[in-house]
Amino acid sequence: IATAVKEIGTKAIEARSKIESLEESFTTLLNSSEKASSLVNQLKEYGAKTPYDTEGLAKAAQTMLSFGISYERVLPTLK
């Protein structure tokens, strides 16, 4: 049981680390921590409702933003 609890804790820490990394990346791309946090939350919600994973959605969003697609168009375009 202790090993399972430890593994769950490790996975939770890894997941939070990935989210923080995504938020930092989006903050740089968007020049706004508020927009970055909002976009990450939207991607997580969309990922939970669809067969797409949040990490894949985030990579697609990063690519779109780096090619100049506006923040407002990222999620509608992904959908």
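Contact here means heavy atoms within 4.5 Å. I keep that cut-off beside me for these entries, and I remind myself that the model is predicted.

**Entry: overall layout**

I began with contacts between residues at least 6 apart in sequence, and found that 45% of them join residues at least 24 apart. Next I looked up the secondary structure, which comes to 4 helices and 0 strands. Reading along the sequence, I noted the pattern α-α-α-α. I also checked burial: of the 79 residues, 25% count as buried.

**Entry: the core**

Which residues have the most contacts inside the largest nonpolar core? I wrote down Leu22, Phe26, Leu30, Leu39, Leu43, Leu65 and Val74, in a core of 17 residues.

Phe26 got a look of its own. Leaving out residues up to four places away in sequence, I listed its contacts as Asn31, Ala36, Leu39, Val40, Leu43, Ala58, Ala61, Gln62 and Leu65. I was pleased to meet Leu39, Leu43 and Leu65 again, as they are also among the residues with the most contacts inside the core.

**Entry: H2 against H3**

I turned to helix H2 (residues 33-49) and helix H3 (residues 54-66), which pack at an angle of about 135° with their axes 9 Å apart. Angles over 145 degrees would count as roughly antiparallel, so I filed H2 and H3 as oblique to each other. Their crossing is right-handed. On the H2 side I found Leu39, Leu43, Lys44, Tyr46 and Gly47, and on the H3 side Thr54, Leu57, Ala58, Ala61 and Leu65. Sorted by class, this contact has 7 nonpolar, 2 polar and 1 charged residues.

**Entry: H3 against H4**

Here I noted axes that come within 10 Å and cross at roughly 135°. H3 and H4 are therefore oblique to each other, and H3 passes H4 in a right-handed crossing. What meets what between H3 and H4? From H3 I have Leu57, Ala60, Ala61, Met64 and Leu65, and from H4 Tyr71, Arg73, Val74, Thr77 and Leu78. The residues of this contact divide into 8 nonpolar, 1 polar and 1 charged.

**Entry: H2 against H4**

Are H2 and H4 roughly parallel or roughly antiparallel to each other? I found axes that come within 11 Å and cross at roughly 5°. Angles under 35 degrees count as roughly parallel, and H2 and H4 are therefore roughly parallel to each other. H2 brings Lys35, Ser38, Leu39, Gln42, Leu43 and Tyr46 to the contact, while H4 brings Tyr71, Glu72, Val74, Leu75 and Leu78. By class I noted 7 nonpolar, 2 polar and 2 charged residues. Looking back, I see that Leu39, Leu43 and Tyr46 of H2 also take part in the contact with H3.

**Entry: Asn31**

Most residues other than glycine have a negative phi. Where does Asn31 lie? I found Asn31 in the loop between helix H1 (2-30) and H2. Its relative accessible area is 70%; exposed means over 50%, so I put Asn31 down as exposed. Even so, Asn31 is on the list of residues that Phe26 touches.

**Entry: Glu24**

My last stop was Glu24, which has its place in helix H1. Is Glu24 buried or exposed? With a relative accessible area of 57%, Glu24 is exposed. I also looked up its separation from Ala36: Glu24 and Ala36 are 12 residues apart in sequence and 7.7 Å apart in space, C-alpha to C-alpha. Ala36 had already turned up in my notes as one of the residues that Phe26 touches.

Definitions and conventions: Residues numbered from 1 in each chain as written. Predicted model: local features only at pLDDT ≥ 70, side-chain atom pairs only at ≥ 80, totals over all residues. Heavy atoms only, no water. Axes fitted to C-alpha atoms, helices over the stretch in contact; angles between N-to-C directions. Helix = DSSP H or I, 4+ residues; strand = E, 2+ residues; numbered from the N terminus. Parallel < 35°, antiparallel > 145°, perpendicular 65-115°, else oblique. Left-handed = near helix turned anticlockwise from the far one by under 90°. Nonpolar A, V, L, I, M, F, W, Y, C, P; charged D, E, K, R; others polar. Buried < 20%, exposed > 50% of the residue type's maximum accessible area, 1.4 Å probe, protein only. Core = buried A, V, L, I, M, F, W, Y, C linked by side-chain atoms within 4.5 Å.
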